Amino acid sequence: MPGENTSPDWLISVEDLTLQLGARPVFENTSFVIERGRHCAIVGASGSGKSTLVKALTRKIHPTHGQIRYQFDEKPRTYLYPNEILTLSAETHRAFLRQYAGYHQARWQSFEGEDTPFVGDLLQFSDSPEAPGTAALRQKLIALFHLNALLGRKIIHLSFGESRKLFISRLLLRAPRLLILDDPYSGLDTDSRATFAAALEQFLAAGDPQILWVGQQVEEIPQAIEQFFHISGTQVSNPGQRPIRSTPAMAAAAAAAHLEPFAAQVRAYAALLAAQAVAPQTPQIQMEAVSVAYAGVKILENVSWTVRPGERWALLGPNGAGKTTLLSLILADNPQAYTNIISLFGKPRGSGESIWEIKQKIGWVSSELHLYYQETDSAFQVVCSGFFDSVGLSRHCSASQQTTAAQWIAAFGLHHLAQHPFAALSSSQQRQVLLARAMVKNPPVLILDEPYQALDERQRSDFNDLLAQLCAHTPVTMIYVTHYHHKLPPFITHILRLAHGSVREQRPITH
């Protein structure tokens, strides 16, 4: 039994564990051991309970029964010292960034960045004496994660992917005994994923720190991972072999039962857009030689772009290419729109339109929005906030709005979680709630910035089907941001590719 294990070969011993999730007990009477010196992975579908188990391992939540013991030194104990276990996850990354920007538009306000630190400052720790070798490790991390070009940039002006590489480096600099990587590639472009994978291979080979990988994308798990814990229905199976990736046919079969709720919503969406039809040649977005800079650093330079009704654009480019800044101009969040030639929905910016009139026509989901969402709101309140384009629900929804919100929650299969706190949901469930929030007002323009982040294969297939139905049956205009440019869905009609803030490619595509 794990509770009787006195061998020095274990690092963490989970003994007869039971946790509480709301009013429901989960992981009842669970026991397993994470062995010392063996990199391991917790694998399971979205919503299976992976994040809940990680919170228990890191003592963010406490067992209702049983115990978790740690053997980081000679004597087993039930407590942790600071920095012994550190976690890279969507939640910890959000907490890190929110220290420097209290609301999601802050990074676009030049005055907000005056007191925020530079990247170089954040790779120095002044709160405690540095351990021997830290300076050498810092230089190694700067090289491994290609951070040298970012050292003179303020954190508030980094892209989401750039800030993730910084955050990973900060965790490694603290020399944890165990580093938990929960969906670590989230928000990273193709080159950055390759950079991270190469850096990780070095740490895996050295064995320091020991790695616990958490995720559902089996193909992303490094080959050096030796021990696997499989989670299904908030239960842990015994350590086993590397899981087999499901095939597209398996994913399609699993998704088939979920399509009808989406079909009903698409019919309603189509009827509303038909009533609001605009002239097909009137651009919904038009930019002429747009440039944006912060503290002398050019983020966008000479970008011209026209988007007409019914076009579906893939917006491509590496981390830091300027994609998020470009979207901030469309979303009416960036005041530099007024110093450029930009028209939205046929009206030049600065001609008297309010930002709320613009936002009413746009549905949006992104990691930027996810960062700042209120943790006390219920899932239903988050979806309802989409009617008012607010972060948090501060206004009362009408009866018809509440009905529509409930229908979208049901379409995503989340009706049973409608009254649960947003913060208590898994990362994939939170992302689905934000997708429902983007769709709830049936907007003529959808901006989907890495929409599949945190979703498992079945959930990605479901949402991809919804988008395909929307594009087939409605004139919705779409801007679809992805780092997986080799997997563009068939409904994409045009490509805009940025690099270093400039347009590198702009063209229609044929299928």
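A salt bridge here is a side-chain nitrogen of Lys or Arg within 4 Å of a carboxyl oxygen of Asp or Glu. The model shown is predicted. A search of the whole structure finds 13 such salt bridges.

**View A. An open sheet of five strands, paired in parallel.**
The strand order is β5-β6-β7-β3-β8. The edges are held by β5 (85-88) and β8 (227-231). Each has a single partner strand, so one side of each is left without a neighbour in the sheet. On average, neighbouring strands of this sheet are turned by 15 degrees against each other, direction ignored.

**View B. The parallel pair β6 and β7.**
Strand β6 spans residues 178-182, and strand β7 spans residues 210-215. Five bridges join β6 to β7. Which residue of β7 is the bridge partner of Leu178? That partner is Gln210.

**View C. The salt bridge between Glu35 and Arg38.**
The closest N and O atoms of this pair are 3.1 Å apart. Glu35 has a relative accessible area of 31% and is partly exposed. Arg38 is also partly exposed, at 28%.

**View D. Arg38 meets Glu226 in a salt bridge.**
The N to O distance between these side chains is 4.0 Å. The pair links distant parts of the chain, 188 residues apart. Arg38 lies in the loop between β2 (24-35) and β3 (40-44). Glu226 sits in the loop between β7 and β8. Is Glu226 buried, partly exposed or exposed? At 44% relative accessibility, Glu226 counts as partly exposed.

**View E. Glu35, Arg38 and Glu226 in a network of salt bridges.**
Arg38 takes part in both pairs: with Glu35 at 3.1 Å, and with Glu226 at 4.0 Å. Glu226 belongs to the loop between β7 and β8.

**View F. The salt bridge between Glu353 and Arg349.**
The closest N and O atoms are 2.6 Å apart. Are these two residues buried or exposed? Buried means under 20% relative accessible area. Glu353 has 12%, so Glu353 is buried. Arg349 has 9%, so Arg349 counts as buried too. In Views C and D, by contrast, Glu35, Arg38 and Glu226 are partly exposed.

Methods. Residues numbered from 1 in each chain as written. Predicted model: local features only at pLDDT ≥ 70, side-chain atom pairs only at ≥ 80, totals over all residues. Heavy atoms only, no water. Pairing = 2+ DSSP bridges. Helix = DSSP H or I, 4+ residues; strand = E, 2+ residues; numbered from the N terminus. Axes fitted to C-alpha atoms, helices over the stretch in contact; angles between N-to-C directions. Buried < 20%, exposed > 50% of the residue type's maximum accessible area, 1.4 Å probe, protein only.
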